[in-house]
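Dear colleague,

Please find below the structure that I am handing over to you. My notes on it follow.

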Amino acid sequence: MKQLHIALLQLAPTGSLEGNLEKGLAACGKAKALGADIALFPEMWSSGYNIYGRPAAEWTAEAIPAAGPFMEAFRKKAAELDMAVGVTLLEAWEGGPRNTLCLFDQKGEEVLRYAKVHTCDFGAERNLTPGNGFAVSDLNTSAGPVRVGAMICYDREFPESARTLMLRGAEVALVPNACPMELNRLSQLRARAFENMMAIATCNYPAGVPDCNGCSTVFDGVAWADEGERDMCVLEAPGGEGVYLAKLDLDTLRDYREREAFGDAYRRPGLYGELVKEGVRYPFVRKDARR
């Protein structure tokens, strides 16, 4: 049985880039000690997602380059620990910073970089540059190669995000997060896992961080077993700070994807044209929404 071990680093930020670096590196060491193949940070770890209630010029100035010393330290740590690390940052970018995840493999190579596509343009995130596509990559792990994709927080609200990852072959979606994970948002993650037969690992900030409550989760995407229906939730962390480990049975997931009726099995994309038409508006759509 091939098991993939994912550590969710449900950490409170320290208030400084240097403090977040030190705390994040230590948490990676804890994840490795637990047997993790992948360690995942919450959203925008470099700044602790400290963007609300502050002038945009102030918090956007905290953007850092993806090739700078902060990220280089995590790249080296991934290689040192022989463990993949998904680290998040407010990335310096021409035209305005991006909300970004970089995934380093167990050799310290960057195998995936994803900028949040669905930025929260109804709030402070309107000052970010949205990403322009969904990233999927093969990641080598102790359990063998795994096809990994990424979403970030509000991307979860759009079924098209996870669907695109599935169509590109993703088996696991990594989802950094920074918001209250209440019943409805948790239900969204469960639905994305169910309808795409894809494992979804979400890492949130703990309770005590403004507008966050912990409850990081992993849904393994396998809704039925031989004995009948089953709970896809293999981990739901409590509210407190910690490093939480989930185990995914890759053999079971792959067998399930080959024989079940969801994902891409019986889609009829020729009938879905309205989903991708530009300029389509309905009465309930906010007029200030960015398209």
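Which residues form one aromatic cluster? The members are F41, W45, F70, F74 and Y205, where rings of Phe, Tyr and Trp (its six-membered ring) pair if their centres lie within 6.5 Å.

This is a predicted model, in which local features need pLDDT of at least 70 and side-chain atom pairs count only at pLDDT 80 or more, while totals for chains, interfaces and linings use all residues. Residues are numbered from 1 along each chain as its sequence is written, and side-chain values use heavy atoms, without hydrogens and water.

The count comes to 11 aromatic pairs. The rings of Y114 and F134 have centres 5.8 Å apart and planes at 20 degrees, so this pair is stacked (planes under 30 degrees apart; over 60 is edge-to-face and the rest tilted). Both Y114 and F134 are buried (under 20% relative accessible area; exposed is over 50%, partly exposed in between; 1.4 Å probe, protein chains only). F122 and Y154 form an edge-to-face pair, with 5.4 Å from centre to centre and 80 degrees between the planes. F122 counts as partly exposed at 46% relative accessibility, and Y154 is partly exposed at 22%.

The charged end of R98 sits over the ring of W93, 3.5 Å from its centre (the criterion is NZ of Lys or CZ of Arg within 6 Å of the ring centre and within 35 degrees of the ring normal).

Yours sincerely
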